[in-house]
Amino acid sequence: MIRVYRTGCLACDPVLTDLADWTLPDDAIWIDLVDPSLEEDKAIEAALSLSIPTRAEMAELEASSRLYRENGATYVTADIIHNGDDDMPSADPVTFVLTHGPLVTIRYFDPKPFAILADRIERDPELCGSGADMFLHLMEAIIDRASDILSINAERVEGISNHVFAEGKTVGFHRLIGKLGRAHIVNTRIEQSLAGLARVFAYVSLDERIEHVLDARDHLRSLSGDAASLLQHNQSVAAGINFQLSAALGLINIDQSSIVKVFSVATTCLMPPTLIGAIYGMNFDHMPELRWIDGYPLAILAMVISGIAPLLWFRRKGWL
């Protein structure tokens with residue numbers, strides 16, 4: 001799908017086009033390619049005299065494939081978080097192409113910042129100044145959304161922390177460790193996205209098209225600062241996740257040690273009575289105690305004393 005935003009359209013409404021007789025409007029400032037077909041790619045390439053990267057090319061991780069210039073256009077690719085309200089948000093690449101005309105974006109999913117910017121454009125059509133303007137506004141929406149997702153993940157981690165260290169409550173460590181694992185994955189994806197955006201801001205700040213936009217460099221500097229602060233906050237959340245994971249594993253070991261201690265104490269207390277019962281259960285003819293009138297109660301008393309004595313000893317040592 002091709003969506004074209006124009007300065008001449010009221011509130012920059014997207015225009016769905018028919019490729020059979022379509023030509024690029026002169027006042028287009030943003031071309032948004034959403035899961036484009038091969039024909040749509042070729043139509044944009046012919047209209048702007050530039051190449052559109054394929055989905056496989058967008059997924060490449062090396063810097064030379066994500067930040068480069070070609071035919072006078074600047075290509076930058078960053079992983080954008082989407083489905084941020086789910087337990088496991090995803091991060092997929094979006095390519096932004098800065099040209100001397102419109103901004104071109106290529107994506108194969110529908111991240112929320114694009115819808116947020118579309119709503120802002122409807123409320124404030126003056127945002128549609130140029131392609132560079134659209135790029136800055138879009139990046140601002142992406143940073144804001146990343147901040148929201150980071151806050152959601154931080155709240156989840158804090159909730160897990162309250163559960164891990166709750167007193168007097170039964171803690172299901174298997175579920176907690178699963179939640180911590182999911183929070184760690186989300187944390188990693190947020191860091192991946194923010195780090196990529198920081199590289200994009202640094203690269204685009206050298207683009208000459210930014211110089212023609214009022215306060216663009218200050219805007220980029222502000223976005224870079226936001227990305228850096230969010231990265232620091234995300235790292236603190238990661239440290240909290242690692243601490244809670246270590247604490248949960250430690251508490252599991254304590255619980256297991258307590259269970260083993262109970263069995264060890266029980267075994268130690270039962271060993272002497274068992275020994276006494278085993279001795280007098282052999283029924284040899286030459287065992288004088290078998291003919292004592294008081295033999296049976298004395299044997300019971302000996303077993304009770306031999307079972308209680310270890311308990312008193314453990315309590316005196318502070319092991320119980």
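Reply: Let us begin with burial: a residue is called buried under 20% relative accessible area, exposed over 50% and partly exposed in between, with a 1.4 Å probe and protein chains only. At 1% relative accessibility, W30 therefore counts as buried, and F114, with a relative accessible area of 3%, is buried too. This is a predicted model, in which local features need pLDDT of at least 70 and side-chain atom pairs count only at pLDDT 80 or more, while totals for chains, interfaces and linings use all residues. Residues are numbered from 1 along each chain as its sequence is written, and side-chain values use heavy atoms, leaving out hydrogens and water.

Me: How many aromatic pairs does the structure hold?

Reply: Rings of Phe, Tyr and Trp (its six-membered ring) pair if their centres lie within 6.5 Å, and planes under 30 degrees apart count as stacked, over 60 as edge-to-face and the rest as tilted. The structure holds four such pairs. In one of them, the ring centres of W30 and F114 are 6.0 Å apart and the planes stand at 40°, so the pair is tilted.

Me: Which parts does the pair of W30 and F114 tie together?

Reply: Helices (H or I, at least four residues) and strands (E, at least two) are DSSP runs, numbered from the N terminus. Because W30 lies in strand β3 (residues 28–34) and F114 in helix α4 (residues 112–123), the pair ties together parts that are 84 residues apart in sequence. Ring pairs also link Y5, W30 and F114 into a cluster.
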